[in-house]
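Subject: Structure handover

Hi,

Here is the structure I promised to pass on. My notes on it follow below.

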Amino acid sequence: MEPNLIKIRGARMHNLKNIDIDLPRNRLIVFCGLSGSGKSTLAFDTLYAEGQRRYVESLSTYARQFLGQMEKPDVDSLEGLSPAVSIEQRTTSRNPRSTVGTITEIYDYLRLLFARVGHPYCPDCGQEISPQSIQDMVDSLLQEPVGTKLMILAPVVDGRKGEHRELFGRLKKDGYVRVRVNGQFYNLEEDIVLDRNLRHHIEVVVDRWVMKEGSERRLTDSIGTAVALSNGVLLVNFPDRDIDTLFSERAACISCGRSMPELSPRLFSFNNPHGACFECKGLGVKQFFDPDLVVPDSTLSIRQGALVPWGDPWRLSGGSGRFKRFNSGEASIYGQQLEALARHYHFDLDQPFKKLSATVQRILLNGSGNEEIEFEYRRNQRHTTTTGVFEGVVPSLARRFIETSSSFIRDELANYMNEQVCPACQGARLRPEALAVKVGAWSIDQLTNLSIVKLRQALLDISLRPQEELIADRVTREINDRLSFLENVGLGYLSLKRTASTLSGGEAQRIRLASQIGSRLAGVLYILDEPSIGLHQRDNQRLIETLINLRELGNTVIVVEHDADTIMAADHILDMGPGAGVHGGEVVYSGDVKGLLASSGSLTGGYLSGRLSIEIPEKRRPLPKKRQWLLIQDAQVNNLKKITVRIPTGLITCVTGVSGSGKSSLVIETLYRYAMKFLQGGTAPEKFGVKLGNFQTIDKIIDIDQSPIGRTPRSNPATYTGVLTPVRELLARLPESRARGYRPGRFSFNIKGGRCEACEGEGVIKIVMHFLPDIYVTCDTCEGRRYNRETLEIRYRGKNIAEILAMNVEEALAFFNRVPVLKARSQTLFDVGLGYVALGQSSLTLSGGEAQRIKLARELTKRSTGKTLYILDEPTTGLHPDDIKNLLAVLQRLADSGNTIVIIEHNLDVIKTADYVIDLGPEGGDEGGEIVACGTPEEVALVPASHTGHFLQKELQKTGI
């Protein structure tokens with residue numbers, strides 16, 4: 001009999017306090033509670049980890065040797081556990097070849113559809129191509145007038161190297177008299193000598209004929225012979241017109257002679273050499289050295305280092321830097337070339353780069369072409385003069401990138417590279433023949449460019465022949481099902497062409513969720529981590545219905561979530577707490593929604609019931625004068641419809657809208673990108689035509705995103721925020737350290753001396769798994785403490801460096817209460833809701849929201865000028881309403897200092913407390929990119945067309961506004 005409960009006994013992972021809990025199977029269960037209260041530890045590090053471990057143990061010994069021994073979670077017993085599937089908030093792939101279409105496998109079905117019912121067209125003239133029978137060829141030639149001379153040729157060699165003597169001998173033996181070789185006619189009695197290293201085209205003359213009445217039989221026989229000889233291809237030469245016409249039993253264009261390859265699924269794959277664009281190899285983009293990255297600050301002169309890859313060619317170096325040591329007064333070879341250019345073209349090396357003439361700028365970047373210049377080189381009192389062309393900075397970088405075998409140099413040069421759409425395929429990724437195949441009126445690239453909503457409609461509208469409909473039925477049904485799953489989880493605005501690396505964590509997670517729905521598995525334990533991330537309130541219900549559908553299939557669905565709608569829809573709720581970190585790890589409440597709302601000890605229940613709330617400011621900051629508004633004019637990146645946006649300075653502005661409405665395109669791709677160029681002295685690229693105004697009112701711009709603070713175990717909150725440096729200095733000043741001669745470097749795990757050399761200070765050892773992801777195991781020598789025994793003997797107030805790094809922020813705040821600099825930095829981390837995070841916690845274990853708040857904490861420790869523009873992308877990710885309350889207090893503090901804060905956000909608690917709201921839409925994808933409403937939250941709430949306003953109005957009504 002199948003158990004109806006998942007029984008957890010004695011769970012002690014991380015901060016869990018030996019908890020016992022029973023969870024109902026085949027139900028939708030929500031784990032909620034403060035950030036750091038133990039939700040993810042119980043869901044992922046206990047339930048999922050044990051499910052995975054048991055699965056691995058069921059495999060053979062041979063298989064387990066590749067997977068390694070998985071650590072058993074610290075739990076006494078787990079009963080009623082099903083096979084577990086984890087759907088976490090992480091980007092699916094960083095591979096540029098991975099797209100929404102390939103992840104969901106919809107693109108594989110589209111390839112099959114085009115291979116089976118696609119109609120090829122000529123890529124050159126656009127004429128439809130279809131295979132021709134011998135009778136079709138005869139009928140075509142019979143259209144020629146009487147008296148027309150023609151020659152029937154059988155192509156037997158098409159662009160192949162060799163002397164082909166055996167072929168000529170065989171043709172002669174078979175009774176053929178003449179051949180055409182590379183356009184020249186020869187008699188087979190002649191000795192035909194060909195260069196074996198060149199490619200040749202050889203056609204056999206099968207028949208010569210003058211059209212007259214009754215030619216059909218002879219033509220049929222001759223064409224049949226030629227087609228058999230040349231494997232289905234026929235050339236007809238018209239001597240009077242000096243033209244050739246190609247016929248083919250296979251697909252080939254009669255007008256252009258363009259032959260089409262066989263229609264197969266691989267022809268439509270950009271990951272297969274058979275179908276990929278020859279120019280970009282299926283990537284759709286080509287890398288190039290970007291002049292804007294070579295000269296990022298055009299206000300600098302060349303002598304000041306405007307040409308960044310060349311650094312300062314007049315700076316002396318000790319030999320360890322970019323250039324070797326030069327004698328006093330001597331420049332590097334780059335500097336001497338630039339001096340020669342200045343003499344030849346009469347320009348000043350001390351003049352700002354942007355004030356140089358366009359011709360000089362072009363020559364510096366791209367070279368002098370054919371124009372030769374006299375160069376004088378001085379080295380160690382030797383003087384030489386040569387004449388030659390100037391290569392140019394950009395061609396020089398490109399040459400070095402191709403020639404170098406050093407991965408380090410390639411990585412260095414990659415800093416000056418950017419991407420552009422492939423000029424050959426225009427970003428379509430496929431070869432021209434694949435793009436010329438159509439189903440209905442659509443090519444495969446045109447279909448993948450459509451949003452998922454429009455693609456579903458386009459497939460329904462395609463008209464097929466009855467036989468084709470029979471072939472395509474099962475394929476289109478499968479495609480339609482998968483598209484509907486994606487639409488149901490709020491991703492209808494995405495296109496199949498969207499690359500995986502551009503997806504947010506929430507989008508990637510919902511794609512995987514849609515795939516799981518499509519698999520229709522039953523009896524599985526699904527564990528999801530905040531699937532509502534990046535989803536507008538309007539689409540919440542569809543996501544919840546998807547989760548319920550997953551449950552209805554006979555699965556147990558556990559969701560770690562803070563979203564109120566999801567919590568209210570749950571069958572069972574587990575509220576963790578009461579606090580975070582050491583103050584959490586206990587079960588505050590377990591039961592249904594009604595009981596949670598009535599629970600006096602639950603913070604979550606308090607906010608859901610309205611007993612607790614995030615208050616709206618009594619008075620919003622006044623809008624600044626017109627000259628103090630940041631202006632973005634004609635924004636048209638991605639789906640933005642050439643909009644003009646004004647952002648008030650010194651205020652908190654929320655950019656809102658449904659998923660895919662253009663929020664990131666406006667804030668990240670436009671505001672941040674072009675404002676950075678403005679501040680660096682450059683201008684926005686003209687290709688987008690974006691104009692900026694009033695940006696002189698800010699002096700720096702900081703994008704606090706959710707990318708990791710580091711990609712190795714060495715990176716942690718202490719190193720990133722600068723806490724570790726004063727800790728090391730503090731330990732080095734202790735009497736014991738001074739007696740031993742220890743300096744601050746002794747307490748660094750990045751350099752030799754005090755670190756454990758077995759793991760080189762990482763605390764873990766990386767095991768390369770080849771075809772599996774690399775894994776990290778705890779170092780046996782230092783047991784994960786990073787330092788050697790002698791270093792760990794130095795203690796401050798009873799704790800060594802490893803124990804200090806093991807403390808969480810809240811503990812550090814109390815521990816360093818007598819050290820002002822450490823207290824201040826710990827306080828900042830605590831203020832942004834990270835009191836539960838350990839100082840030395842590996843960056844690999846931090847969520848995107850935690851990484852974002854650590855970055856915010858680091859910025860808060862810096863001295864504010866009051867003219868900074870802060871950009872945050874969904875900072876409430878992973879935050880409980882009580883944590884959001886603390887975060888908002890920090891943001892309000894920044895705005896009170898005169899700084900400008902722009903937040904991309906769906907959370908209504910953040911939106912209602914903002915000073916100004918810019919709502920984009922009205923829908924996602926092609927239907928978005930316009931300004932629906934802007935103003936104070938109260939003003940936006942009154943706009944009927946605004947989806948955000950609709951939900952904001954309900955939120956404001958709760959407070960009586």
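Start with the contacts. Among those in the protein between residues at least 6 apart in sequence, 68% join residues at least 24 apart. Contact here means heavy atoms within 4.5 Å.

Some ground rules. This is a predicted model, in which local features need pLDDT of at least 70 and side-chain atom pairs count only at pLDDT 80 or more, while totals for chains, interfaces and linings use all residues. Residues are numbered from 1 along each chain as its sequence is written, and side-chain values use heavy atoms, with hydrogens and water left out.

**Overall**

The protein has 961 residues, and 52% of them count as buried. Buried means under 20% relative accessible area, exposed over 50%, and partly exposed in between (1.4 Å probe, protein chains only). Along the principal axes, the C-alpha atoms fill a box of roughly 105 × 90 × 65 Å. There are 34 helices and 33 strands. Both are DSSP runs numbered from the N terminus: helices are H or I with at least four residues, strands are E with at least two.

Two strands pair if DSSP finds at least two bridges between them. Axes are lines fitted to C-alpha atoms (for helices, over the stretch in contact), and angles run from 0 to 180 degrees between N-to-C directions. Strand β1 (residues 5–11) is joined to β4 by three bridges. Ile8 stands opposite Leu78 in β4.

Another open sheet has six strands, ordered β5-β19-β20-β3-β21-β22, and its pairing is mixed. Its edges are β5 (84–87) and β22 (586–591), and each pairs on one side only. Here neighbouring strands are turned by 20° on average, direction ignored. Strands β3 (residues 28–33) and β20 (residues 556–560) pair in the parallel sense over four bridges. Phe31 has Val560 in β20 as its bridge partner. α18 lies across β3, β19 (525–529) and β20, and runs at about 150° to β20.

Ala, Val, Leu, Ile, Met, Phe, Trp, Tyr, Cys and Pro count as nonpolar, Asp, Glu, Lys and Arg as charged, and the others, Gly among them, as polar.

The search runs on a 1 Å grid over the protein atoms alone. A pocket is an open set of points with protein on both sides within 12 Å along at least five of seven lines. A cavity is a set where a 1.4 Å probe fits but cannot get out. Lining residues have an atom within 4 Å of a point. Points are joined across faces, edges and corners, and volume is the space filled by probe spheres set on them.

**Cavity**

The whole structure gives one cavity of 30 Å³ or more. The largest cavity holds about 80 Å³. Its lining includes Thr99, Tyr107, Phe270, Arg429, Asp445, Leu496 and Lys497. Helix α14 (residues 444–449) gives the largest share, three residues. The lining divides into six nonpolar, two polar and three charged residues.

Leu483 is in helix α16 (residues 466–488). It counts as buried because its relative accessibility is 0%. Not counting residues up to four places away in sequence, Leu483 touches Ile106, Ile452, Leu455, Arg456, Leu459 and Leu496. Leu496 also lines the largest cavity.

Glu203 is in strand β10 (residues 199–210). At 9% relative accessibility, Glu203 counts as buried too. Leaving aside neighbours within four places in sequence, its contacts include Leu153, Val179, Arg180 and Leu235.

Best wishes
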